[in-house]
Amino acid sequence: MADLQITKLPNDDIYERTKAERQKHVDEILNSTSKKKIVVAGPGTGKTYLFKEILKNKTKALTLTFVNSLVADLSLELYGLSEVRTLHSYARSILGKLTKKDIKVFSKLSSLISEDAKIILEKDIDFNALFYDMDDQNELISFYKTRKDYYGDYYGFTDIIYAAVKLLQTDKTKTPIYEQVLIDEFQDFNKLEVSLIELLAEKNPILLAGDDDQALYGFKKASVEHVRNRHSDNDKEFASFSLPFCSRCTRVIVDSVNDIVESATKEGKLVGRIKKEYKYFDDKDKDKVCSKNPYIFYKALQARQIPWFIKSQIKNIAEETKGRFSVLIISPTRIQTRDVAKGLMNWGFQNVEYTEKEKPEVTLIDGLLILLDDQVNNLGWRISVKHLLSQDEFEVLLKKTGDDNQLKIAKMIDLEYKNEILGLLSTLRKLKNGKSISKTNLDYFMAKVNINSQIVSENYLKDKIFPINSGDPATQKIPIKVTTIQSSKGLSDEYVFITHFDDKYFIQDKESNVPTDQEICNFLVALTRAKKRVYLVSTNIKNKPKFLKWINSDRIEELG
């Protein structure tokens with residue numbers, strides 16, 4: 001691999017000059033007297049460092065993000081400096097304090113009430129969309145509230161934020177007071193979430209951090225216009241700043257990001273984008289990393305060969321570094337992450353982390369777990385009986401509760417069904433408390449909750465008797481995380497593999513083959529997770545992907 005020649009100014013003063021310029025951007029933010037600030041910060045440009053500087057000498061601060069993966073990292077980085085929460089967690093705490101109730105969250109509540117609406121109202125309703133848009137006048141919101149109240153003190157992830165917003169809008173004197181509020185990933189906030197932030201901003205010094213090039217969550221009606229409007233010259237309320245220097249990525253990655261933005265702009269995309277610089281941070285140690293990693297690697301092969309290819313490259317990396325390193329693998333879909341992860345485990349890698357997609361449907365286990373906490377709860381009984389009754393019987397029961405919300409489902413069903421649920425509940429309680437369960441009861445329980453006991457037993461025996469290929473002892477313990485693009489937000493690693501790097505997975509419009517702004521952002525986020533090296537792994541051996549063509553070919557090394 002050829003070394004990249006780094007051009008330096010006399011006496012290497014480029015490093016000190018760049019460091020001083022970066023600090024100048026930070027100082028402008030720190031020295032601003034504005035109580036409302038917005039900072040556009042590209043990938044790896046030092047938001048966490050900025051947050052730490054802002055929070056110095058503060059005793060009561062709040063940091064909010066909606067990305068779960070960021071909470072743990074930020075909580076550690078800002079430990080002792082700030083309370084760090086997701087939006088729905090913060091909304092839950094507000095409701096709990098102000099209503100003095102034990103607020104519970106059932107993440108699937110909105111989909112369950114949508115099913116109620118289909119049966120009771122004979123309408124297909126996306127309640128999350130109504131909440132995202134703050135559609136207060138819509139009568140269907142009233143239906144949702146009635147059903148939610150019928151199910152007790154449970155909220156979903158969306159309506160819990162809505163409830164907190166409405167509560168604070170009713171009495172703004174109840175808005176919590178902090179010395180500083182920090183908002184991360186503001187480009188991915190929707191109207192509902194922005195409403196909560198605006199309430200906090202009325203009473204507190206606030207800093208919004210975001211980047212319209214990293215907008216990933218359009219599916220929840222998030223809009224980049226929130227960050228763009230507040231950063232524009234027309235907004236007199238917020239003081240605008242930027243962090244342009246990327247200290248995470250290598251020079252070739254930063255340059256490639258700028259190539260992509262330039263190419264997208266030439267094709268009429270990214271209209272309205274905030275104009276900002278994204279520059280490599282000149283640093284002596286980072287330049288050494290750049291000299292060893294002057295290219296982005298590209299490889300085309302068959303999909304089934306991806307785990308083998310990654311294994312081979314990990315071996316090469318181990319030979320180069322002769323030390324510890326970690327790997328992040330990003331795939332477009334959950335199914336692909338699973339296949340790649342299992343393929344790597346079959347090659348003997350023992351430290352592979354990936355998450356199976358949570359099943360969106362409401363399960364019998366969901367209902368039993370609620371009843372385990374509260375045996376008379378209508379939500380728990382509603383979920384449980386659905387899995388025992390016929391569809392016709394269930395719809396009749398549900399319509400009755402729609403007519404009279406004083407009815408208790410536990411008292412409406414036949415004793416036979418009630419005893420069956422109580423029996424399953426007894427088994428679950430024994431499992432929780434570590435008590436012995438008869439084989440008959442355990443087999444019955446597993447059958448009811450759709451767990452195949454034979455497959456579980458076979459997999460256990462297989463792992464014990466025929467363990468996975470032990471693999472190369474030098475690399476088998478390498479930490480490997482496999483995730484999707486959306487779930488990679490907030491992550492970074494030394495070596496990144498972007499798999500299934502094909503137009504058919506990265507661009508939805510097959511006819512025009514023109515990516516949307518969302519799809520461009522998806523690729524930019526994936527690309528900028530890497531601290532040292534990126535591998536673009538395609539499964540199309542005939543045609544190169546469009547995004548690859550947007551990058552200067554001098555920055556790409558195609559592997560044979």
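Me: Which residues in helix 17 do Arg382, Val385 and Lys386 in helix 16 meet?
Reply: The model is a predicted one. Helix 17 spans residues 391-403. The residues in helix 17 that meet Arg382, Val385 and Lys386 of helix 16 are Gln391, Phe394 and Leu398.

Me: Is helix 16 roughly parallel or antiparallel to helix 17?
Reply: The axes of helix 16 and helix 17 lie 10 Å apart, and the helices pack at an angle of about 160°. Angles over 145 degrees count as roughly antiparallel. Helix 16 is therefore, relative to helix 17, roughly antiparallel.

Me: How many nonpolar, polar and charged residues does the contact of helix 16 with helix 17 have?
Reply: The contact includes Arg382, Val385 and Lys386 from helix 16, and Gln391, Phe394 and Leu398 from helix 17. Sorted by class, the contact has 3 nonpolar, 1 polar and 2 charged residues.

Me: At roughly what angle do the axes of helix 5 and helix 16 cross?
Reply: Helix 5 covers residues 109-120 and helix 16 covers residues 378-386, and their axes come within 13 Å. The two helices are roughly perpendicular to each other, and the crossing is left-handed. The axes cross at roughly 65°.

Me: Which residues of helix 16 make the contact with helix 5?
Reply: Helix 5 contributes Leu109, Leu112, Glu115 and Asp116. The residues of this contact divide into 4 nonpolar, no polar and 4 charged. From helix 16, the contact is made by Leu379, Arg382, Ile383 and Lys386.

Me: Does glutamine 313 count as buried or exposed?
Reply: Glutamine 313 lies in helix 13, residues 306-321. Leaving aside neighbours within four places in sequence, glutamine 313 is in contact with Phe497, Tyr535 and Leu559. Its relative accessibility is 11%, and the cut-off for burial is under 20%. Glutamine 313 therefore counts as buried.

Me: What is the relative accessibility of histidine 500?
Reply: Histidine 500 lies in the loop between strand 15 (493-498) and helix 22 (503-506). Phi of histidine 500 is near 50°, a positive value in a residue other than glycine. Histidine 500 counts as buried, because its relative accessibility is 7%.

Me: Near what value is phi of asparagine 513?
Reply: Asparagine 513 lies in the loop between helix 22 and helix 23 (517-527). At 25% relative accessibility, asparagine 513 counts as partly exposed. Phi of asparagine 513, a residue other than glycine, is positive and near 55°.

Me: How far apart do the C-alpha centres of domain 3 and domain 4 lie?
Reply: The domain assignment gives domain 3 as 251-358 + 469-558 and domain 4 as 364-449. The C-alpha centres of domain 3 and domain 4 are separated by 46 Å.

Notes
Residues are numbered from 1 along each chain as its sequence is written. This is a predicted model: local features need pLDDT of at least 70, side-chain atom pairs count only at pLDDT 80 or more; totals for chains, interfaces and linings use all residues. Side-chain values use heavy atoms; hydrogens and water are left out. Axes are lines fitted to C-alpha atoms, for helices over the stretch in contact, and angles run from 0 to 180 degrees between N-to-C directions. Helices (H or I, at least four residues) and strands (E, at least two) are DSSP runs, numbered from the N terminus. Angles under 35 degrees count as roughly parallel, over 145 as roughly antiparallel, 65 to 115 as roughly perpendicular and the rest as oblique. A crossing is left-handed if the near helix is turned anticlockwise from the far one by less than a right angle, and right-handed if clockwise. Contact means heavy atoms within 4.5 Å. Ala, Val, Leu, Ile, Met, Phe, Trp, Tyr, Cys and Pro count as nonpolar, Asp, Glu, Lys and Arg as charged, and the others, Gly among them, as polar. Buried means under 20% relative accessible area, exposed over 50%, partly exposed in between (1.4 Å probe, protein chains only). Domain bounds come from an automatic or database domain assignment.
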